[in-house]
Amino acid sequence: MSTFNAQQIVALIDLTSLNETDTPADIHKLCSKASNSAGTVAAVCVYPHLIKAAREGLEKANISGVAIATVVNFPHGRDSVEKTVHETRKAIEHGADEIDVVLPYEAMMKGDEQHASELLTAVCQEAHAHKRLVKVILETGALETEENIIRACELSIEAGTDFLKTSTGKIKVGATPEAVDLMIESINAEHVTREVGIKISGGVRTQADAQNYLELIESRMSDSWINPQHVRIGASSLLDELLQNNQIG
């Protein structure tokens, strides 16, 4: 099994700040860390009203090649289809490259798969019409059973998502190896005819955490799958830990 170094992990990071108190200055500071001697992160992920600040922060730091991701139907997944599509459209107009949308997991668990499917499909269609990437946030820690996680994956893949993402990071249980294993199983299902990536978020704070998840993915997929086109890690403290432990500035 491969040992993944700081440079390999940094390239997979969606550098994230989703605090209610975030200001443009906070996001400028976040973006200033998006590129360092270990390399450049894949994306920065911020709230929709801070997309402009992220763009400014990257430009101010003279950093290119970093996508701007944002969140919609976040964090509880309770918004209407119309509101979520409107939010997606506005985010794209403001400069978002990637849309992380929360699966309406409560509705799905109550049996309303139609609403979940309609919302995800509408967001994927809107984003893909503008050549934007979509990551569906499953909130695996709230789904309770393996059956629910697998069904959430199926609905997301059927809707057209580009990535399955574990968590919002806003509930007690974030990513787990068990959930990621089920996500990989769903991506590898015989009826899935296109590539779907995985984003691990919620509690990935150390290099050891990242190593464990990447080993799991590599064992089920292949070492050639460990790249930003297939794997993302949603984190902020992880980058700080990588730079500190590897004495990278």
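Predicted model: local features only at pLDDT ≥ 70, side-chain atom pairs only at ≥ 80, totals over all residues.
## Helices α6 and α8

The axes of α6, which spans residues 113-129, and α8, which spans residues 146-159, cross at roughly 40° and come within 8 Å. The crossing in which α6 passes α8 is right-handed.

The contact itself can be followed residue by residue: on the α6 side it involves Glu-113, Ala-116, Ser-117, Leu-120, Thr-121 and Cys-124, and these meet Arg-151, Leu-155, Ser-156 and Ala-159 of α8. Sorted by class, the contact of α6 with α8 holds five nonpolar residues, together with three polar and two charged ones.

## The barrel of strands

The strands of the model form a closed barrel of eight, in the order β1-β4-β5-β6-β7-β8-β9-β10, and their pairing is parallel. On average, and with direction ignored, neighbouring strands of this sheet are turned by 25° against each other.

Strand β9, which covers residues 197-201, is largely enclosed by the rest of the structure, because five of its five residues are buried. Both of its faces are covered, with Gly-197, Lys-199 and Ser-201 buried on one side and Ile-198 and Ile-200 buried on the other.

Strand β8, residues 163-165, pairs with β9 in the parallel sense, and three bridges link the two strands. Lys-165 has Lys-199 in β9 as its bridge partner, and Lys-199 is also among the buried residues of that strand.

## Helix α3 and its neighbours

Helix α3, made of residues 51-60, lies across strands β4 (43-46) and β5 (67-72), and runs at about 165° to β5. Helix α3 also packs with helix α2, residues 24-32, where the angle is about 40° and the axes are 8 Å apart. With that angle, α2 is therefore oblique to α3, and the crossing in which α2 passes α3 is right-handed.

On the α2 side of this contact are Pro-24, Ile-27, His-28 and Cys-31, which meet Ala-53, Ala-54, Glu-56, Gly-57 and Leu-58 in α3. By class, the residues where α2 and α3 touch comprise six nonpolar, two polar and one charged.

Conventions
Residues numbered from 1 in each chain as written. Heavy atoms only, no water. Axes fitted to C-alpha atoms, helices over the stretch in contact; angles between N-to-C directions. Helix = DSSP H or I, 4+ residues; strand = E, 2+ residues; numbered from the N terminus. Left-handed = near helix turned anticlockwise from the far one by under 90°. Contact = heavy atoms within 4.5 Å. Nonpolar A, V, L, I, M, F, W, Y, C, P; charged D, E, K, R; others polar. Pairing = 2+ DSSP bridges. Parallel < 35°, antiparallel > 145°, perpendicular 65-115°, else oblique. Buried < 20%, exposed > 50% of the residue type's maximum accessible area, 1.4 Å probe, protein only.
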